[in-house]
Amino acid sequence: MAQEQVEEYLEAIYDLESRNGSAKTTAIAKCMKVAPASVTEVLKSLSDKGFVQYEPYRGATLTEEGKKIADTIKRKHRLLEVFLTDVVKLNQEKVHDQACRMEHTISEETEDALCRMLDAPAHCPHGSPISPCNKGVGSCAECNSAGKTDMPVAIRDKKIIPITDLDLEQKSRIAFIRGDCKVVQRLSDLGLTLGTTVSLLKKTPMGGPVEILVRRTKLAIDHAIAENIFIESPGPGET
Amino acid sequence: MSGCKECKSCPATRESTLKNADYTIALAGNANVGKSVIFNQLTGVDQIIGNWPGKTVERAEGLLLHAGKRIRVIDLPGIYSFSTYSMEELVSRDFIALEHPDAVINVIDASALERNLFFSIQLLELAPPMMIAVNQIDLAEKKGITIDTGKLSTLLGVPVVPTVAIRGKGIPALTNAITGLMQGHTVPPVLRYGKEIEERIGKIISLLGMVTTRYPVRWTAIKLLERDPVITQIVREQDPGIVETAGVLAGEIESIHGEPVCVVMSAERYQVADRIAAEVISLRAPGEGPQKKSLTDKLDAVALHPVLGYLAVIAVIGGLLVWTFLVGALVSAFLSGFLSQFEQYRPVISGPLMDILLNGAFTGFVAGITLVVPYVLPFYLLLAVMEDSGYLTRISVMLDRGMHKLGLHGKAIIPLILGYGCNVPAIYSCRIMETPKQKTLAAFLVTLVPCTARTVVILGLVAAFVNIWWALALYAFDILLIIVAGRIAFKTMPGESVGLIMEMPDYHVPSLSVVLKQTWARTKSLIWIVFPAYIIGSAIIQAFYAAGLLTPVNDLLAPVTVLWLGLPALVGITLIFGIVRKEMTILTLAVLFHTTNFAAIMSPVQLVVLALVSMLYIPCISVILVLGSEFGWKKALAISASEIVMAIAVGGIAFRLLSLVM
């Protein structure tokens with residue numbers, strides 16, 4: 001099976017799974033515009049490769065490995081959408097389809113370069129979040145300087161999530177802050193330096209500010225800024 | 001958000017500094033640490049609050065009399081760092097470095113020692129004669145945090161005094177320590193950063209030998225390493241080579257840490273702060289069993305609740321307004337009845353010029369009194385209570401999302417609410433916004449908020465003679481208009497907007513002195529600006545009136561007032577008078593028509609249109625003055641002109657639409 005096809009399937013399963021909890025064969029078939037029988041074929045093969053967990057009649061869910069691939073593709077797709085909309089100024093209706101085709105062909109290096117050129121956008125033009133890259137950097141400035149000197153950057157070994165995805169009262173350490181230098185500076189002046197432990201105290205509805213606790217201080221932070229503060233994903237049971 | 005740090009009063013024309021002081025000291029520290037309380041404790045009532053020259057940043061100073069000396073106390077803005085993030089930071093560091101105060105008192109919050117020490121470390125680099133007041137030490141104790149102030153003093157090499165400023169504890173010790181500091185101090189030891197940083201600071205210091213800046217050498221070196229734009233520029237003018245070297249050294253640090261150098265420095269400072277804090281803090285282990293929820297947590301469960309929180313906001317702001325106007329109307333009626341014993345305050349339009357002017361001035365005075373005392377004063381008093389208790393920050397959080405639509409963030413709710421009292425102090429309070437764009441935008445929207453004077457017009461014309469629902473509809477329409485105008489202005493105005501990053505202080509029982517000071521600071525601007533404008537403006541208008549300019553003015557305005565707005569021709573002059581005082585519209589109407597039953601002379605549609613136009617057409621002359629002094633005359637005129645056009649356009653359309661339904 002071609003890599004492109006694998007990626008397309010993983011993407012579809014990713015979308016269905018985040019919407020419904022799991023991806024049913026019929027739903028995938030409808031999404032990919034193919035017969036349910038051929039979907040079953042593909043799912044078996046994906047399951048053999050270790051990308052999905054597949055149980056007949058119940059549907060498919062992504063494995064860690066499959067999720068990683070889908071995440072990367074989603075990231076490329078949304079970055080490309082930003083590029084096509086903001087830089088190339090392509091007609092809105094064509095952006096998605098074009099990005100769908102390009103996402104399979106661009107290299108990781110191109111992906112990074114795109115991210116830097118677009119100033120590390122947090123959302124695609126349709127409002128979906130763009131996940132952070134998997135580089136072992138603490139801020140975008142670090143990535144920028146690495147880009148200039150062509151310095152190789154290690155892959156981040158821990159999974160990171162935006163602070164807004166923490167459960168209430170949960171604690172973790174700051175791993176990466178996305179955004180321009182001024183905001184990063186302001187946040188670090190208030191005590192949000194890399195490696196500092198923070199906890200999420202409260203979220204407000206409709207994307208309002210979040211309240212966090214850092215160095216014995218409570219701060220209310222704009223939701224869009226908070227979404228760019230990434231922390232190490234706390235393991236299950238760790239609070 | 002307690003105290004005077006963002007209160008805003010006094011015209012720029014007033015004397016902005018105390019004369020004949022023997023010494024000058026400055027209070028510096030983070031916001032919400034009780035700095036203003038200490039300032040109040042030290043200086044008493046004799047305070048001057050104004051702007052830093054040429055800056056939209058507040059400057060508060062007062063006089064401390066101690067041991068026969070006159071000591072000028074400057075309350076610097078509450079800030080978290082000495083970068084160039086905001087004007088407040090620049091103003092503060094330049095004051096300390098360039099004006100050489102005889103002592104700097106760093107007020108720090110005992111409950112958040114690390115973050116406060118982060119700032120203390122930067123203060124120490126500026127090397128003024130310095131001491132530390134560890135404030136709110138009682139609250140920290142309650143949280144199980146005990147601080148060894150003696151050890152802190154040894155580690156930092158500066159005097160440290162524990163205080164509970166709100167109850168006056170530690171203030172005598174503080175004043176003694178200040179006197180001691182002014183008589184002589186030892187130079188505190190330098191706090192060292194990591195090796196790779198110190199090496200590079202050392203290199204830059206060795207190069208700075210030939211360069212003369214008015215800043216301390218080590219501080220200059222650190223700022224060069226941090227690529228501080230202001231300091232870099234100063235040094236570049238003398239020796240561009242040093243700047244280049246510093247840039248290379250900064251680049252080396254950046255490649256070691258992989259972070260912008262300013263962020264590396266913040267992290268370094270926090271490391272030092274954490275280390276010191278760990279040495280001086282002893283934590284009492286929390287008691288057995290589940291942790292008891294603090295009062296703040298319990299209150300926040302309601303105040304920040306997705307449903308209850310909004311209900312609370314509506315109840316509190318709505319209640320505040322309703323209460324103010326219910327009680328205010330009673331007191332106002334009583335006051336004007338009382339004052340009318342002295343002189344009839346209906347316009348005198350014949351007789352000697354002096355009589356006319358005096359009578360005009362008196363009516364202006366009465367109008368001022370009957371507006372400020374019953375409406376504005378209680379409103380601001382209650383608002384200051386809310387502010388000092390900590391609840392206003394919760395309102396900011398709840399409404400942040402909505403304010404985004406206007407290109408502002410949650411903090412802007414403070415000027416907007418203040419605007420319901422009087423636009424003048426509300427415009428001063430726009431200083432709390434971060435960027436120039438956000439300051440201007442907030443001020444523009446404040447001018448659209450119906451202040452008490454405009455509310456009197458709406459109530460007097462519409463609620464009294466049409467019905468209360470139309471009056472409320474006007475209010476609702478005004479909020480809608482603020483949203484629309486805000487969006488348009490946000491899209492068209494150049495400049496940047498930043499999101500909300502705000503400290504959430506714990507709730508506490510408001511301090512009487514802070515509340516009174518805050519209320520006074522805000523009301524004071526009414527006395528210096530609004531009162532004179534009322535009195536002089538009223539006298540001039542009275543003279544106009546007596547000179548028989550009424551009919552020509554009305555004729556001139558007739559095309560707009562009669563043809564487009566569908567109002568009686570006589571209304572023309574009342575709109576002109578309204579520029580001086582909005583509530584004068586009603587008074588003038590009564591005199592011109594010889595009746596206070598406006599329903600007899602105007603149809604409901606006309607009443608609503610007149611109230612609508614009065615509400616929107618221009619901020620009064622006091623507001624134009626303040627806009628001019630804060631943002632420049634160009635912006636003040638642009639805002640005024642656009643609002644006149646908007647009011648006329650909206651009024652005309654409303655006249656045509658309302659004629660269909662009413």
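Helices (H or I, at least four residues) and strands (E, at least two) are DSSP runs, numbered from the N terminus. You are looking at a predicted model, where local features need pLDDT of at least 70, side-chain atom pairs count only at pLDDT 80 or more, and totals for chains, interfaces and linings use all residues. Residues are numbered from 1 along each chain as its sequence is written, while chains are lettered from A and ligands numbered from 1 in the order in which they are written.

Let us stay with K298(B) for a moment. A residue is called buried if 20 or more other C-beta atoms (placed from the backbone) lie within 10 Å of its own, exposed if 12 or fewer, and partly exposed in between. K298(B) has 12 other C-beta atoms within 10 Å, so it counts as exposed. Its C-alpha atom is separated by 63 Å from that of A546(B), a residue 248 positions away along the chain.

R284(B) sits in the loop between β9 (281–283) and α12 of chain B. This residue is exposed because it has 10 C-beta neighbours inside 10 Å. Two residues are in contact if their C-beta atoms, placed from the backbone, lie within 7 Å. Leaving aside neighbours within four places in sequence, R284(B) is in contact with G144(B) and T146(B). From R284(B) to F655(B), 371 residues apart in sequence, the C-alpha to C-alpha separation is 70 Å.

Now turn to chain A. Here there are nine helices and eight strands, and the C-alpha atoms fill a box of roughly 60 × 40 × 35 Å, taken along the principal axes. The radius of gyration is taken over C-alpha atoms, and the globule rule is 2.2 Å times the number of residues to the power 0.38. For 239 residues, a compact globule would have a radius near 18 Å, and the 19 Å of chain A agrees with that. Of these 239 residues, 41% count as buried. Among contacts in chain A between residues at least 6 apart in sequence, 54% join residues at least 24 apart.

Next comes a sheet that involves both chains. Two strands pair if DSSP finds at least two bridges between them. Seven strands make an open sheet with antiparallel pairing, in the order β3(A)-β8(A)-β4(A)-β5(A)-β6(A)-β7(A)-β10(B). At its edges stand β3 (160–162) of chain A and β10 (501–503) of chain B; each has a single partner strand, so one side of each is left without a neighbour in the sheet. Within the sheet, β5 (residues 197–203) and β6 (residues 210–214) of chain A run antiparallel and are joined by five bridges, and K203(A) has V210(A) in β6(A) as its bridge partner. Where the chains meet, strand β7 (residues 217–221) of chain A pairs with β10(B) in the antiparallel sense over three bridges, with I221(A) opposite I501(B).

What else of chain B touches chain A? In total, 34 residues of chain B are in contact with 35 residues of chain A. On the side of chain B that touches chain A, at least two residues each come from α3 (113–126), α10 (240–257), α11 (261–280), α15 (391–404) and β10 of chain B. The largest share, five residues, is supplied by α11(B). Counting Ala, Val, Leu, Ile, Met, Phe, Trp, Tyr, Cys and Pro as nonpolar, Asp, Glu, Lys and Arg as charged, and the others, Gly among them, as polar, this side has 17 nonpolar, nine polar and eight charged residues.

Chain B also has a hairpin to explore. Its strands β3 (residues 58–66) and β4 (residues 69–75) pair in the antiparallel sense over seven bridges. Two residues lie between β3(B) and β4(B), and A67(B) in the turn has a positive phi of about 50°. Along this pairing, H66(B) stands opposite K69(B), and L65(B) has R70(B) as its bridge partner. Strand β1 (residues 23–29) of chain B pairs with β4(B) too, in the parallel sense over five bridges, and there I25(B) stands opposite V73(B). Five of the seven residues of β4(B) are buried, so this strand is largely enclosed by the rest of the structure.
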